[in-house]
Amino acid sequence: ALAIEMVASLNDERAIPALVGAMTTGGMAAGGLLKFGEKALRPVLNELNNPNPLVRSTAVSMAITILRTKNDPASQAQIFGLIRTAIRDPEYVLRSSALYAIENLSDQQPFMSVLKDLMPALQDISQHDPYLSPLTSRYPLRDRAAKLLEKIAKP
């Protein structure tokens, strides 16, 4: 943790690869990456090809966070591309990241029309998502998707 904190505190772009490598460890690495903004975007996006689902999920979340700071149509399109990819991923953690992103965007009016385009995918998750929580014997993504459908459908 101390090493990550030290690297994150550097104001040197050469720290980006190390922070990307540590981005699944939590807030210090993420905060360090966010400090570099768009300069960190390409290395973060490169992790979408990582075989580790946790790394891919974190990359989706980090990339969306970076892109939201730009708040332009091109960035918004990239955000929805990331969400569309993650929501269809066979790994639970990526689908969960997609739902988290949708939950965070559903309160912002500029995103509502595009979120409506995700309703078929949300409908599918709400009815068929295969992940069963071993602790609760429930389908948590189904529940979250159903709540999002209700929220998006409201005028």
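**View 1. Asn71 in the loop between helix 5 and helix 6.** Asn71 is placed in the loop that joins helix 5 (53–70) to helix 6 (73–87); helices are DSSP runs of H or I with at least four residues, numbered from the N terminus. The phi of Asn71 is near 50°, a positive value in a residue other than glycine. With a relative accessible area of 54%, Asn71 is exposed (exposed means over 50%, buried under 20% and partly exposed in between, with a 1.4 Å probe and protein chains only). The model is predicted: local features need pLDDT of at least 70, side-chain atom pairs count only at pLDDT 80 or more, and totals for chains, interfaces and linings use all residues. Residues are numbered from 1 along each chain as its sequence is written, and side-chain values use heavy atoms, leaving out hydrogens and water.

**View 2. Ser137 in the loop between helix 9 and helix 10.** The loop between helix 9 (119–128) and helix 10 (140–153) holds Ser137. Although Ser137 is not a glycine, its phi is positive, at about 55°. Ser137 is exposed, and its relative accessible area is 57%.

**View 3. The buried residues of helix 9.** Ala121, Leu122, Ile125 and Ser126 are the residues shown as buried in helix 9. They cover an arc of only 135° around the axis, which puts them on the same side of helix 9; the arc is that of the directions from the helix axis to the C-beta atoms. An α-helix has 3.6 residues a turn, so residues three or four places apart point the same way. The buried residues of helix 9 pack against helix 6, helix 7 (92–105) and helix 10.

**View 4. The largest nonpolar core and the surroundings of Ile83.** The largest nonpolar core has 46 residues; such a core is a set of buried Ala, Val, Leu, Ile, Met, Phe, Trp, Tyr and Cys residues joined through side-chain atoms within 4.5 Å. Helix 5 gives the most to this core, with 8 residues. Among the residues with the most contacts inside the core are Ile83 and Leu122. Leaving aside neighbours within four places in sequence, Ile83 is in contact (heavy atoms within 4.5 Å) with Ile64, Ala98, Ala101, Ile102, Leu105 and Leu118.

**View 5. The packing of helix 5 and helix 7.** The axes of helix 5 and helix 7 come within 8 Å and cross at roughly 20°. Helix 5 and helix 7 are therefore roughly parallel to each other (angles under 35 degrees). Residues of helix 5 including Val60, Ile64 and Arg68 belong to the set that meets a set in helix 7 including Ser97, Ala101 and Leu105.

Conventions: Helices (H or I, at least four residues) and strands (E, at least two) are DSSP runs, numbered from the N terminus. Axes are lines fitted to C-alpha atoms, for helices over the stretch in contact, and angles run from 0 to 180 degrees between N-to-C directions. Angles under 35 degrees count as roughly parallel, over 145 as roughly antiparallel, 65 to 115 as roughly perpendicular and the rest as oblique.
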